[in-house]
Structure formats: structure tokens, C-alpha cells
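Here's a quick briefing to read with the model open beside you.

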Amino acid sequence: QKRSFSIRGHRTSLSLETTFWNALQRAAKHDDVSVAALVTQIDAKRGRVGLSSAVRVYLFDRFCALPPEQQ
């Protein structure tokens, strides 16, 4: 699925599988921020990696760090 966001004043699109969109929404809700705000945070730290890849790696790292009962 592809969705568009505005990041630091410019429009960009992000393509993710449904599982990753669900995980991104869950992470944003947990952090009490919008999905767009969380994507902006990830974008600021991604370096030269593509945004979709950066989001996937961020979510993988975040959820793998949780205890099994919270995953």
C-alpha cells in the first residue's frame, strides 16, 4: 500500500505491506504521535537508506526489542 506524507515541507510517498502499516500505526499510538510524525522522526535518522526500508528496519528493531508477551 502506498500513502503520501508531508515531511519537513515536502510531499513524499511511502510503500509498505499491510503488516508494516499496522505496526507503524501501533507504534505511533503507543508513542502518542501521529503516523506522519513518527515517519518524520524515522526520516530524520535514516541517512541514505530509502524511507520504506528505514521504516521497516525501525519497526523490526523496535518490536524485536520488546519482551515476547508484548510483541
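Let's start where two helices meet: Leu24, Gln25, Ala27, Ala28 and Asp31 of helix 1 touch Val35, Leu38, Val39 and Ile42 of helix 2. Sorted by class, that contact is made of seven nonpolar residues, one polar and one charged. Keep in mind that this is a predicted model.

**How the two helices cross**

- Any pair of packed helices can be described by the angle between their axes and the distance between those axes.
- Here, helix 1 and helix 2 pack at an angle of about 95°, and their axes are 9 Å apart.
- That angle makes helix 1 roughly perpendicular to helix 2, because anything from 65 to 115 degrees counts as roughly perpendicular.

**The nonpolar core**

- In soluble globular proteins, nonpolar side chains tend to be buried together.
- In this model, the largest nonpolar core has 17 residues, and Leu14, Leu24, Val39, Val55 and Leu59 are the ones with the most contacts inside it.
- Strand 1 (2–7), helix 1 (18–31), helix 2 (35–45) and helix 3 (51–64) each put at least two residues into this core.
- Leu24 turns up in the core list and again on the helix 1 side of the contact with helix 2, while Val39 is in the core list and on the helix 2 side of that contact.
- What does Leu59 touch, if you skip residues up to four places away in sequence? Its partners are Phe20, Ala23, Leu24 and Ala27.

**A buried serine**

- Ser52 sits in helix 3.
- Is Ser52 buried or exposed? Its relative accessibility is 18%, so Ser52 counts as buried, the cut-off being under 20%.
- Setting aside neighbours within four places in sequence, Ser52 is in contact with Leu14, Ser15 and Leu16. Of these partners, Leu14 is also one of the core residues with the most contacts.

**Two spots with positive phi**

- Most residues other than glycine have a negative phi, which is the background for the next two.
- Arg8 isn't a glycine, yet its phi is positive, near 50°. You'll find Arg8 in the loop between strand 1 and strand 2 (10–15), and Arg8 is exposed, with a relative accessible area of 58%.
- Asp32 isn't a glycine either, and its phi is positive at about 60°. Asp32 lies in the loop between helix 1 and helix 2. With 70% relative accessibility, Asp32 counts as exposed, since the cut-off for that is over 50%.

Technical notes:
Residues numbered from 1 in each chain as written. Predicted model: local features only at pLDDT ≥ 70, side-chain atom pairs only at ≥ 80, totals over all residues. Heavy atoms only, no water. Core = buried A, V, L, I, M, F, W, Y, C linked by side-chain atoms within 4.5 Å. Buried < 20%, exposed > 50% of the residue type's maximum accessible area, 1.4 Å probe, protein only. Helix = DSSP H or I, 4+ residues; strand = E, 2+ residues; numbered from the N terminus. Contact = heavy atoms within 4.5 Å. Axes fitted to C-alpha atoms, helices over the stretch in contact; angles between N-to-C directions. Parallel < 35°, antiparallel > 145°, perpendicular 65-115°, else oblique. Nonpolar A, V, L, I, M, F, W, Y, C, P; charged D, E, K, R; others polar.
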